[in-house]
Amino acid sequence: MALITGLCTFLYHLPQIYKWLLKPYYMSSLFMTVAFLVVRKAPGLCEHLATQREDGNSCDFDWRELEILMFLSAIVMMKNRRAITLEQHVGNLFLFSKVANVVLFFRLDIRLGILYLALCVAFLMTCKPPLYMGPEYIKYFSDKTIDEELQRDSRVTWIVEFYANWSSDCQSFAPVFADLSLKYNCPGLKFGKVDIGRYGDISERFKVSTSPLSKQLPSLVLFQEGREVIRRPMVDNKKRAVSWTFNEENIIREFNLNELFQKSKKLNKGRGLKEEQSGVQPLEHPTESKKDQ
């Protein structure tokens, strides 16, 4: 049953997977993931590799390698229990596969281990996951515009994501936040993002740490009348983020988006009625700016 479910899931996401394979980042990650398998099974190469198998067959996994691969599968399954997007599932698989490959290559031959580790470092420095560029209704702030926008109209509620482009968690969360902006954006409830990896002073002003150890990226903050009302994840006394799952259901519940959306729509209707009675033509709301290319 589990095999059938996995197959159906793969077929459902096949068009998206096909698009991924056309991107250098995913092609390189796939090659790095299967590198040890290719080396161990490649005819003409595997015959010269060391093995601990009793039958001396160097073109098949020995018991220790199978143990490492089984441990890898268990770790990936545990990490993917909290994954909320397909990108996170695939990212976890790529990450821990590379770690397992480093161990396997060093165990097989220290020269191969050094070579693979060097390739991993070069990949990390040169290849970045592609940014989400799908549909969204989000205002992107800079260090000069965020205060002005938050305080421009006290009737507007803002939900702002503090993120960094280098953070894999932020990249995985991007489509979720974009989908929420498409569903809930209205004149009285708006969505914004600010790259605190680029604007360090904003990180200090709003007390969002960019350290990977703090686990505060991404951070969602709800502002009303220019003041912070709700923040997720919350931060404890040691300035560490309290564990919180960034999925759509949690965000809708914690930030009470359904109620906020209904109030914002009523506010917009009341504003339009007053403008109509006073004979003033309502101003059109400008299109929100897209991410800088």
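**Reading the helices and cores of a predicted model**

Guide: Let's begin with a record: the UniProt annotation "transmembrane region", from an unreviewed entry, covers residues 20–39 and 114–134. UniProt positions are given in the numbering used here, feature names are shortened, and annotations may be inferred rather than shown by experiment. What you see above is a predicted model, where local features need pLDDT of at least 70, side-chain atom pairs count only at pLDDT 80 or more, and totals for chains, interfaces and linings use all residues. Residues are numbered from 1 along each chain as its sequence is written, and side-chain values use heavy atoms, with hydrogens and water left out.

Visitor: How much of residues 114–134 is helix, and how much is strand?

Guide: Helices (H or I, at least four residues) and strands (E, at least two) are DSSP runs, numbered from the N terminus. Residues 114–134 are 62% helix and 0% strand, with end C-alpha atoms 39 Å apart.

Visitor: What span should helix α5 have?

Guide: The expected span is 1.5 Å times one less than the number of residues. For the 18 residues of α5 (residues 63–80) that gives 26 Å, and the end C-alpha atoms are 26 Å apart, which agrees.

Visitor: Which residues of α5 are buried?

Guide: Buried means under 20% relative accessible area, exposed over 50%, and partly exposed in between (1.4 Å probe, protein chains only). In α5 the buried ones are E65, I68, L72, V76 and N80. They sit on the same side of α5, because they cover an arc of only 100° around the axis; the arc is that of the directions from the helix axis to the C-beta atoms. Turned away from that buried side, M70, F71, M77 and M78 are exposed.

Visitor: Which side chain does E65 join in a polar contact?

Guide: A polar contact is a pair of N or O atoms within 3.5 Å; within protein, one must be able to donate a hydrogen and the other to accept it, and residues adjacent in sequence count only if both atoms are side-chain atoms. E65 pairs with R40 at 2.5 Å. R40 is in helix α4 (residues 35–41) and is buried, with a relative accessible area of 0%.

Visitor: Which residues touch the most other members of the largest nonpolar core?

Guide: A nonpolar core is a set of buried Ala, Val, Leu, Ile, Met, Phe, Trp, Tyr and Cys residues joined through side-chain atoms within 4.5 Å. Here the largest has 40 residues, and F162, L189, V194 and L257 touch the most other members. Its largest share, 6 residues, comes from α9. A second, separate core of 17 residues includes A35, L49, A100 and F105.
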